[in-house]
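Hi everyone, and thanks for having me. Please take a look at the structure on the screen, and then we'll walk through some of its details together.

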Amino acid sequence: MGDMAVMFEKFRFLTSGESHGKCLTAIIEGMPAGLDIDIDFINNELKRRQQGYGRGERMQLESDTVEITSGVRFGKTTGSPVTLVINNNDHENWQKIMSVYPQDYTVEKSFTAYRPGHADYAGSIKYNHKDLRNVLERSSARSTAIEVAVGAVAKLLLKHYGINCNSKILQIGHGKTEEEMHNEIDNAKSNGDTLGGKFEIIFDNVPVGLGSHVHWDRKIDGRIAQAVMSIPAIKAVSFGDGEYAAEISGKDFHDEMFLENGKVVRRTNHAGGIEGGMTNGEPIVVKAVMKPIPTMRTPLNTVDSSNMTETTAHFERSDTCAVEACSVVAEARIACVLANEILLKYNSDYIE
Ligand code: EPS
């Protein structure tokens, strides 16, 4: 990372872990000292990610809870790196298969038929793997559990500054009402198929001027888009009414300004709270579209990499629809971007 990049990265984190490995881990760097860490809040966020209509068997095996192994003392951050750990309950059944020791080598659970839509094909060529499990294990959406824990810590910081968030599912398949969405998921499940959908995340009470217009990589819409777009299975991200902006004229799209008690106010928020790559004080409104999960019971045509013959794709247990879980992950990812911007703005080493 260059000096310039580090200057604008205050809240940083790395995660590690595989879907069936021992645990998922994150180290957060840059948390100010003195912030109250509510572990129940973090665990409740993890629970939210595990829920949602259409989730599969894995979520019945896991009861994700966080262990904090550094950076917090007597309920408050110390300013040191914060380490978070979530154990994978299912690892117990995969100890040999995920072993780090060469003497445990086994071909059990290895597979060679690419899943179209997943990371298997490009990942195995890139890293020269014959066993596609080496790609599956890290590209699985299981990794989003620890990201939600990191996001929960970011949310605690944002809460301290009065910033809150909520999300809502807008569409699943063709369904727009809850009942229609559930029917769509039931139908997909009985056909061995999967479904994606669209959701909306709103962050309220955001100060004016997070992000910057001065460089492309400091624009907050770009940073949020990157954070949301890189969640597994996300294929589109937009702000406010951005998805309709091609068909709305300037007269109707831009949010006019008025004065109320000497303050600038808006009566619309088509921009989704961001103008010129900076927050404008209106709620940040992000919409994202998740594609259907590519691990599916329906036998999709593919190629077997071991003998280069045509075959049908590998199936491993999976969810029918994980859009609700994905919206919780998106909240977490955006919270991390905003936490970074808040720390840049207030430049705090500690919180009183
Ligand atoms: C997931 C855990 C995974 C999958 C799912 C999401 O666990 P397992 O592979 O043991 O079933 O259930 O991920 C995918 C299907 C995928 O293709 O990434 C989780 O914790 O959210």
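Let me begin with a question: which residues does His 91 touch, not counting residues up to four places away in sequence? The answer is His 20, Gly 21, Lys 22 and Met 98, where contact means heavy atoms within 4.5 Å.

Before going on, two notes on what you are seeing. This is a predicted model, in which local features need pLDDT of at least 70, side-chain atom pairs count only at pLDDT 80 or more, and totals for chains, interfaces and linings use all residues. Residues are numbered from 1 along each chain as its sequence is written, and side-chain values use heavy atoms, with hydrogens and water left out.

Back to His 91, which has its place in the loop between strand 6 (82-87) and helix 4 (120-127). Helices (H or I, at least four residues) and strands (E, at least two) are DSSP runs, numbered from the N terminus. His 91 counts as buried because its relative accessibility is 15%. The cut-offs are these: buried is under 20% relative accessible area, exposed is over 50%, and partly exposed is in between, with a 1.4 Å probe and protein chains only.

Now follow the chain to helix 4. Its buried residues are Asp 120, Gly 123 and Ser 124. Seen down the axis, they fall within an arc of 95 degrees, so they line one face of helix 4; the arc is that of the directions from the helix axis to the C-beta atoms. On the face turned away from that buried side, helix 4 carries the exposed residues Ala 122, Ile 125 and Lys 126. Helix 5 (133-139) is part of what covers the buried residues of helix 4. Just after helix 4, Asn 128 takes a positive phi of about 60 degrees.

Helix 5 also contains Ser 139. With 22% relative accessibility, Ser 139 counts as partly exposed. Leaving aside neighbours within four places in sequence, Ser 139 is in contact with His 118 and Ala 119. Ser 139 and Ser 19 are 120 residues apart in sequence, yet 8.3 Å apart in space, C-alpha to C-alpha. Gly 75 and Ser 140, on the other hand, are 65 residues apart in sequence and 32 Å apart in space, again C-alpha to C-alpha.

Next comes helix 8 (residues 220-229), with the buried residues Ile 220, Arg 223, Ile 224, Ala 227 and Val 228. Why are they on the same side of helix 8? Because they cover an arc of only 125 degrees around the axis. Among the elements they pack against are strand 9 (234-239), strand 14 (284-290) and helix 10 (323-346).

Strand 15 (residues 301-304) and strand 16 (residues 309-312) run antiparallel and are joined by four bridges; two strands pair if DSSP finds at least two bridges between them. Thr 302 stands opposite Thr 311 in strand 16. Four residues lie between the strands of this hairpin, and Met 308 takes a positive phi near 50 degrees.

One last question: which residues line the largest cavity? Among them are Lys 189, Asp 193, Met 296, Arg 297 and Phe 315. By class, the lining has two nonpolar, five polar and four charged residues.

Note on methods:
On a 1 Å grid over the protein atoms alone, a cavity is a set of points where a 1.4 Å probe fits but cannot get out, and a pocket is an open set with protein on both sides within 12 Å along at least five of seven lines; lining residues have an atom within 4 Å of a point. Ala, Val, Leu, Ile, Met, Phe, Trp, Tyr, Cys and Pro count as nonpolar, Asp, Glu, Lys and Arg as charged, and the others, Gly among them, as polar.
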